[in-house]
Amino acid sequence: MMNRFNHLPTLKVDTTQKIAFIYKGKKHYGVKGDTVATALYANGIRIFARSLKYHRPRGLYSLDGECSNTCMEVDGIPNVRCENTLLEDGMVIKEQNVKGSAENDYMSFLDKLDWLMPAGFYYNVMHKPAKIWPIAMKQIRKAAGLGKISPDYEMPGKFDEVFLNTDVCVIGGGPAGMMAALSSAQKGLRVILMESRPWLGGFFEYRSGQYKDRQALHERALFLANEVAAHENIRSFTSTSAVGTYNNNLVTGFQIGKKEDVFDQRYIEIRAKSVVAAAGCIERPLIFDNNERPGVMQIACALRLAKTYGLLPGKKAVFSIGHDLGLEAALELHDLGLAISCVADIREDGHDPELLKKIEDKKIPLLKGWVATKAHGSKLVNKISLASVDGLVSKSFDCDLVVASAGITPVTGHITVAQGTLKYDNHTGCFLPDQMPEKMHAAGRVLGLNDPLSVEASGTLAGLQAAFDCENCSIQEIGEARKALENLPGPVRGTKLVTAPVKGRKSFICFDEDATIKNIKQAIEKGFDVPELIKRFTATGLGPGQGGIPGHNLPLYVAKYQTLPDVSIRPTNVRPPLVPTLISTYAGVNHKMFKITPMDEMQRKDGGIFRNLGVWQRARYFSNDLTCKKEIENVRSNVGMLDGSTLGKFRIHGSDALKALQRVFVSDMSKVKQGRVKYSAMCNDDGCVIDDGVVVKQGENDYYFTTSSGRAGQTVEWIRYHTRYDGWTFALVNLTDSLGVINLSGPNARKVLEKVVDIDISNEAFGYSEYKEFKIQDTVQTRAMRLGFVGELSYELHVPSSYVKAVWLMLNEAGKEFNIKNFGVEAQNVLRMEKCHIILGQESEQRTNLLDLGLGFLWDRNKTEAKTVGAVALRQAENDQTRLKLVGFKTENNTRAPRDGALVVDEKVRGYICTARDSFSLNEAVGMALVEGELSKIGTRLEIYEDECGDDRIYGKVVKMPFYDPEGTRMKM
Amino acid sequence: MALTITCPICGKRNGYEFKFGGEEKGPRPEEKDLTPEAWCDYVHMNKCVAGVQQEWWFHKDGCGSWFPIYRDTTTNLEQEDQKATNQEGKNDEQV
């Protein structure tokens, strides 16, 4: 393990606390505060992964996760961005996309075959002949790609989501962001501050340069961070990346949890009145031959390795830079003990004179107007070639570290995804904000500023502008802040060089997708002229780094290479998520929610096998016999109990309640009599059946009605929608969850019920299709309906949810002598199918109308003044011969029942099987099917095709419905 | 969802709480003498304007009421200025 500095004030690691982890099966140690990447670096690991296409060695480059170089498998999760992942005790880390190891990859010969893979070779080469493609695709997929994942992989970890409201949302916790947050907060506004690193401070935090009055930049960063922490109006989210910004000032992002947090990652959605975009800058990569060889890294990466993590990035270094930050870093690293052979600066002039003097004082050789041209060494850098920018003179140095950076580039994604625009700025050579989105303000280095005081002043200004959006700031104050900024140094001239004077066969513009300068040239030669199209054709910037590495260089290079007289330099588009985000983070916590009924506990005790049905979890079976033979037979011969609590249950009352019912139910609801149960249906405006249920009149304009389980959630919405213009007075009360339903069915049902009530419930006193209210055991208020869904004598008992368990126990006790048993949803399904009672969604699909189901008798066609939903369409459909009809059928020769959903065919598809079962009650296989009209006559032979049945067909014959007890004597007894 | 909707009862709320209910097309037509075409137009035809549209929303995770709002379909923002592009023709007819 490398020695660490342990005295630097900027350190974010605790070198006294060791953390063990496993890399390639061996135990290694990092220290507290390390990221996975820095811990590996500290252990001398330089090659982290192999590249996508050519299997080139890749190592630490940016330290902020801007490329896929350091994507690794951590604890079984592929493509983890190691630079952004904090090291934890016991982590198991593996390299990915390698055959062998990252050090020795058998596939590295691919690097020599680049001539076989020009830009767009997928589209150009692999389709002639077409047969090649499937084979080629398989091979390519095997060799290329990053981490692997199996299709049944389940993501471990805890994910959460949080939706916040605030006045001002500040993206970026650097000096500008912190100043913006403070100035808004001081105006009394609530502020949310988002920072992707685990701490605030931005580009001040790791630098020792002077802020002012002998205060170092890192001291200033700490001061501001403390101010922010102390301000009660500011809520800071660190380790939080903003990944999307939308109009209406919606900001989305995700936060990586600390150990003590209840989540590993959480999705954050912030609705703000105003937004400040202050995400700072990243470095613009310098392009030369082998510019991604491990050992080549960006300025901030080298500097932060030392200053934040205490690791000297190498022994002997060469710098090839184009910005004062490079000179500053060279000085700092030199002071920390790095031997610097040479600093090549792209710029001839425009340097900070103070820095130049210090470089001279320390005797660091400086070459002005020079640039790196080629990194040597097959796996790690061991030598670097430099040349003058014009390529005329050259030099070489032995080294193990090349610090390379062409310049800086603002992180403007938060502005452009919210439909803001950028403009190329000739002075800085950067894309700077042009038109800002409404109520969004840019601050800091995003504006091209670099001077610490200017950066802070722009933050203050943006904070006040945001306060102005919230009507908490005057124009004068903004004017003063603007003047203060104008008196400070503005943006400095930036370099525009993209690539060293090289041919570019091994000069990589995009690391993630292995795209070289040569690939870009090839695309341009093919006629692509717009950066956005070249980006797609060459895949440049389409990798996990989201264009962080090539986003700025590509448009600059395209503009230059095309040598057009007046070419406008246009940036490529970025899209959310701006930072790679886990799908699990978006999915959040809610994906296994369901409702349970009040009978849940008792049914589970009785061995119920539960299934999710719609929003509910229901007992589907009560034994492992999935045909439910015993359950069915017990209902037919004794008595059974079913949990019907999932039924939608509603009360509608108020002076216009009847009118509302007339609007949505197809029947004439004015004919519903007190004490009777009316079965009816609801259609949509196309006449298609959407719901069925029963209605009970409790008084004038006071009704109780049920809906199917799946529709309960939409019933209020539906009735209110279709009466929205009428201004009617009625109240709708959803009683679905407050009432439970027990369905007591079977020839002995009355005998059981008689034992728990003390009123007369004989067939004469409480007949079929009647409604009664009474108390069970003198206590439980019950609404009882005599229905016959399963075709037997049955009582549907609606009782308050809190009493369901008690009633269930009473009935169980009372029914002991009659062998009362549970039955589940599947048994009910077979029982009602034998009786040809439909279940919507099974005997119907979206296009099935009331008439198709043979339920036309429910429809009262004379109530036109009610404007019943669906009536117009039903009238039009009445004479339509092309529609499917619901028929009953039984199979020929006692063959088994076809599967639900099997097709009815002849030369073509003529319909489908809705429900079919081998009936124990009838000793034959019966079912219902929706078939074309001409097949619906009694006696028609149906040819039934099941999935993958080949030539084996099942044959059926259309028969009369219902199959069981056609006269209905059993349910009326 | 970037959209916020102002419910007449609950005030300005997150768009996630609401369910879309289609363009404003006026009350249900009288059934007498209604042609199938006219009916189909009423139920299924939409203007789909690029501009300010008057449309219905349901406060599903809230008070459970239906109400119309004006929304600019090009920006997906609710408009306070109550002039809808999809209602222009209608006003002419009334005049």
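**Notebook: two chains, sheets and a contact**

I began with a strand pair: S34(A) and strand S38 (residues 731-734) of chain A run antiparallel and are joined over 4 bridges. I count two strands as paired if DSSP finds at least two bridges between them. Strands here are DSSP runs of E with at least two residues, helices are runs of H or I with at least four residues, and both are numbered from the N terminus. In this pair, A:Arg651 stands opposite A:Val733 of S38(A).

I noted the ground rules next. This is a predicted model, in which local features need pLDDT of at least 70, side-chain atom pairs count only at pLDDT 80 or more, and totals for chains, interfaces and linings use all residues. Residues are numbered from 1 along each chain as its sequence is written, while chains are lettered from A and ligands numbered from 1 in the order in which they are written.

**Back to S34**

Which strand pairs with S34 of chain A over 6 bridges? I found strand S37 (residues 702-707) of chain A, antiparallel to S34 (residues 648-653). I picked out one bridge there: A:Ile652 has A:Tyr703 in S37(A) as its partner.

**Chain A as a whole**

I looked up the totals. Chain A holds 23 helices and 49 strands. Its C-alpha trace spans about 115 × 70 × 60 Å along the principal axes. Of its 973 residues, 51% are buried. I call a residue buried if 20 or more other C-beta atoms lie within 10 Å of its own, exposed if 12 or fewer do, and partly exposed in between, with C-beta atoms placed from the backbone. I then checked contacts, meaning residue pairs whose C-beta atoms, placed from the backbone, lie within 7 Å. Of the chain A contacts between residues at least 6 apart in sequence, 66% join residues at least 24 apart.

**A mixed sheet**

I followed an open sheet of 5 strands in chain A, with order S2-S1-S7-S5-S6 and mixed pairing. Strand S2 (26-32) and strand S6 (77-81) are its edges, each pairing on one side only. Neighbouring strands are turned by 45° against each other on average, direction ignored. Axes are lines fitted to C-alpha atoms, for helices over the stretch in contact, and angles run from 0 to 180 degrees between N-to-C directions. Inside the sheet, S5 (residues 71-74) and S7 (residues 91-94) of chain A run antiparallel, joined by 2 bridges. A:Val74 has A:Ile93 in S7(A) as its bridge partner.

**A parallel sheet**

I then took the open sheet S17-S24-S18-S19-S20 of chain A, 5 strands with parallel pairing. Its edge strands are S17 (296-297) and S20 (366-368). Strands S18 (residues 316-321) and S24 (residues 401-404) of chain A share 4 bridges. A:Ala317 stands opposite A:Leu401 in S24(A). Which helix packs on this sheet? I found H6 (residues 299-307) of chain A touching S17, S18 and S24, its direction at about 125° to that of S24(A).

I turned to chain B, which has 2 helices and 6 strands. Along the sequence I read β-β-β-α-β-β-β-α. Buried residues are 17% of its 95 residues.

Key
Two residues are in contact if their C-beta atoms, placed from the backbone, lie within 7 Å.
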